[in-house]
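Hi everyone, thanks for coming.

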Amino acid sequence: MKILALGAHPDDIEIFMFGTLAAYAAQGAELTFAVATDGAKGGKSDPAVLARVRREEATAAAALLGAAPRFLDFPDGELVADAALIGVLKTLIRETGPELVITHAPNDYHADHRALSDGVRIAASFAVPVLHADTMGGTGFAPTHYVDISAYRDIKSQGIRMHRSQRPEQYVDRARIQNEFRAGQCNAVPGSLAEAFRFEPTFPFADIRALLPPAPPVRPVTPQTNLIGEAG
């Protein structure tokens, strides 16, 4: 399989979908990472220096999964779903030929995330299905699919930590808590982690389950049979 992962900023792929991409890598999938903006506003350093540092960090993180990222280099904080962005995205999709595109949810917290999501949806059109990653904190997000990333927790944390310029431990913790919660939604075994996604069926793509790594296994639910007053 060929998977195209699109993040608005250099650490977004690692925070929102890196565990799933690690599962794809373990299956032998060909991964392409693409970062839409230069990340130059993600700190107080000189913007040119920060953009260079963040590119290096994203390259190191992608290398953990054998992927070489593409940098679209739109200005950080100014992304809009205009003809320029859509044209670049169409070219990227045509050149990489993915069977699935994963990007931000259209209601995520950052304007760049929302703009990229809109641009990807338009650019993908009839060419490829688009899967939306969980939002920050899960706010306003109703998952339709889950991927078990329990076996990839360490490499996901390692990927996030590659972004040293971004105080990564805060995102390691945020991601762990969110992934634990999403696994709990699936009634997974305690200690499991899952990444959540949402797919909106759009003709001609109605069902993408065969394109995804396994979801957490569902545990049987044992009904409570004790009568009132019995020792339990």
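**A short tour**

Let's begin with Q178, which has its place in helix α6 (residues 169-185). Helices here are DSSP runs of H or I with at least four residues, strands are runs of E with at least two, and both are numbered from the N terminus.

Before we go on, a word on where this comes from: this is a predicted model, in which local features need pLDDT of at least 70 and side-chain atom pairs count only at pLDDT 80 or more, while totals for chains, interfaces and linings use all residues. Residues are numbered from 1 along each chain as its sequence is written, and side-chain values use heavy atoms, with hydrogens and water left out.

Back to our residue. Is Q178 buried or exposed? Q178 counts as buried, because its relative accessibility is 14%; buried means under 20% relative accessible area, exposed over 50%, and partly exposed in between, with a 1.4 Å probe and protein chains only. And what does Q178 touch, leaving aside its neighbours within four places in sequence? Its contacts are D134, T135, M136, G137 and G138, where contact means heavy atoms within 4.5 Å.

Now to strand β1 (residues 2-7). Five of its six residues are buried, so β1 is largely enclosed by the rest of the structure. β1 runs parallel to strand β2 (residues 30-37), and six bridges join the two; strands pair if DSSP finds at least two bridges between them.

Next, some helix packing. Helix α3 (residues 83-96) and helix α4 (residues 111-124) have axes that come within 9 Å and cross at roughly 55°. That makes α3 oblique to α4; angles under 35 degrees count as roughly parallel, over 145 as roughly antiparallel, 65 to 115 as roughly perpendicular, and the rest as oblique. On the α3 side, the contact is made by L85, I86, L89, K90 and I93. From α4 come A115, L116, G119, V120, I122, A123 and A124.

Our last pair is helix α1 (residues 12-26) and helix α5 (residues 153-161), which pack at an angle of about 140° with their axes 9 Å apart. α1 and α5 are therefore oblique to each other. Here E14, I15, F16, F18, G19 and A22 in α1 meet I155, K156, G159 and I160 in α5.

Terms used: Axes are lines fitted to C-alpha atoms, for helices over the stretch in contact, and angles run from 0 to 180 degrees between N-to-C directions.
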